Amino acid sequence: MNHFEIERQRFKPKKIDILFIAESPPQGGTFFYFRNSNLYSALFTAFHNVFQDITETTFLEIFKQKGCYLEDLCVNPVNGLNDFERTKARMKGVSILTKKLQIYRPKVIIILMKDIASYIDEALLKSGIRVEFKIATSFPVRSQSNINNCIIGVEFALRKRLTLD
């Protein structure tokens, strides 16, 4: 198990209600569960906007308590790969994600990169599970627009999930 997975496992809830799916751990060493990535900042902002008692110190523990978990389509970083290799890694990730979906059985899926939505859809179809809803949003990099769209999409999904209870 690599250092990404060790840290991810520390914050895995007993029951996963909302599964966030990103493309892969980043190549540069930043990582959501290390609290040092653009994704961490965007998700913290979205959660803080919905659940205002969250602080940066308590965020990951509350994320876990609320049944939230971040998984990646690809096990290894892909952001340094050429398009062909990246597509190959995504296709390989579908079968691994399919098995994880069958185990996790989330009620909600939030896809954190629109470009991977078709791969997540394939894994979801192959898993045979049903979710209450899923949403795909921009990954929070390269522009303020992407960051804002990610935050808005996650906020929308969180508020929608709250109304289903």
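**Glu23 and its surroundings**

Let's start with Glu23. Beyond residues up to four places away in sequence, Glu23 touches Asp72, Leu73, Cys74, Val78, Arg86, Arg90, Met113 and Ile116. One caution before I go on: this is a predicted model.

Where does Glu23 sit? Glu23 is in the loop between β1 and α2. Is Glu23 buried or exposed? Glu23 has a relative accessibility of 6%, so it counts as buried. The cut-off for buried is under 20%.

Now a distance. Take Glu23 and Lys88, which are 65 residues apart along the chain. Their C-alpha atoms are separated by 13 Å.

One name on that contact list deserves a second look. Arg90 and Glu23 meet side chain to side chain in a salt bridge, at 2.7 Å from N to O. Arg90 belongs to helix α4, while Glu23 is in the loop between β1 and α2, so this pair ties together parts that are 67 residues apart in sequence. Both partners, Arg90 and Glu23, are buried. As a general point, side chains of opposite charge can pair when their charged atoms come close.

How much space lies in the largest pocket? About 570 Å³. The largest pocket is lined by 25 residues, and the closest to its centre are Glu23, Arg86, Met113, Phe139 and Val141. Which elements give two or more residues to the lining? They are α2, β2, which runs 68-72, and α4.

Ser24 is in the loop between β1, residues 18-22, and α2, residues 38-50. Its relative accessibility is 14%, which means Ser24 counts as buried. What does the side chain of Ser24 reach? The backbone nitrogen of Val78, at 3.1 Å. Setting aside neighbours within four places in sequence, Ser24 is in contact with Asp72, Cys74, Asn76, Pro77 and Val78.

Asp72 is linked with Glu5 and Arg8 in a network of salt bridges. Let me take the Glu5 and Arg8 part of that network. Glu5 is in helix α1, residues 3-10. With 15% relative accessibility, Glu5 counts as buried. The salt bridge between Arg8 and Glu5 has its closest N and O atoms 3.1 Å apart. The two side chains are also joined by a polar contact of 3.1 Å. Why about one helical turn between Arg8 and Glu5? Because they are three residues apart in helix α1. Arg8 is buried, like Glu5.

How many salt bridges does the whole structure hold? A search finds twelve. I'll pick one more. Asp17 and Arg161 meet through their side chains in a salt bridge, 2.9 Å from N to O. This pair links distant parts of the chain: Asp17 is in the loop between α1 and β1, Arg161 is in helix α6, residues 144-164, and they are 144 residues apart. Asp17 has a relative accessible area of 14%, so it is buried. Arg161 has 5%, so it is buried as well.

On to helix α2. The helix has 13 residues, so at 1.5 Å a residue it should span 18 Å. The C-alpha atoms at its ends are 19 Å apart, which agrees. Which residues of α2 are buried? Leu39, Tyr40, Ala42, Leu43, Phe44, Ala46, Phe47 and Val50.

Last item: backbone angles. Arg35 is not a glycine, yet its phi is positive, about 65 degrees. Arg35 is in the loop between β1 and α2. At 39% relative accessibility, Arg35 counts as partly exposed. Arg105 is not a glycine either, and its phi is positive at about 50 degrees. Arg105 is in the loop between α4, residues 83-104, and β3, residues 108-111. Its relative accessibility is 46%, so Arg105 counts as partly exposed.

Key:
Residues are numbered from 1 along each chain as its sequence is written. This is a predicted model: local features need pLDDT of at least 70, side-chain atom pairs count only at pLDDT 80 or more; totals for chains, interfaces and linings use all residues. Side-chain values use heavy atoms; hydrogens and water are left out. Helices (H or I, at least four residues) and strands (E, at least two) are DSSP runs, numbered from the N terminus. Buried means under 20% relative accessible area, exposed over 50%, partly exposed in between (1.4 Å probe, protein chains only). A polar contact is a pair of N or O atoms within 3.5 Å; within protein, one must be able to donate a hydrogen and the other to accept it, and residues adjacent in sequence count only if both atoms are side-chain atoms. Contact means heavy atoms within 4.5 Å. The expected span of a helix is 1.5 Å times one less than its number of residues. A salt bridge is a side-chain nitrogen of Lys or Arg within 4 Å of a carboxyl oxygen of Asp or Glu. On a 1 Å grid over the protein atoms alone, a cavity is a set of points where a 1.4 Å probe fits but cannot get out, and a pocket is an open set with protein on both sides within 12 Å along at least five of seven lines; lining residues have an atom within 4 Å of a point. Grid points are joined across faces, edges and corners, and a volume is the space filled by probe spheres set on the points.
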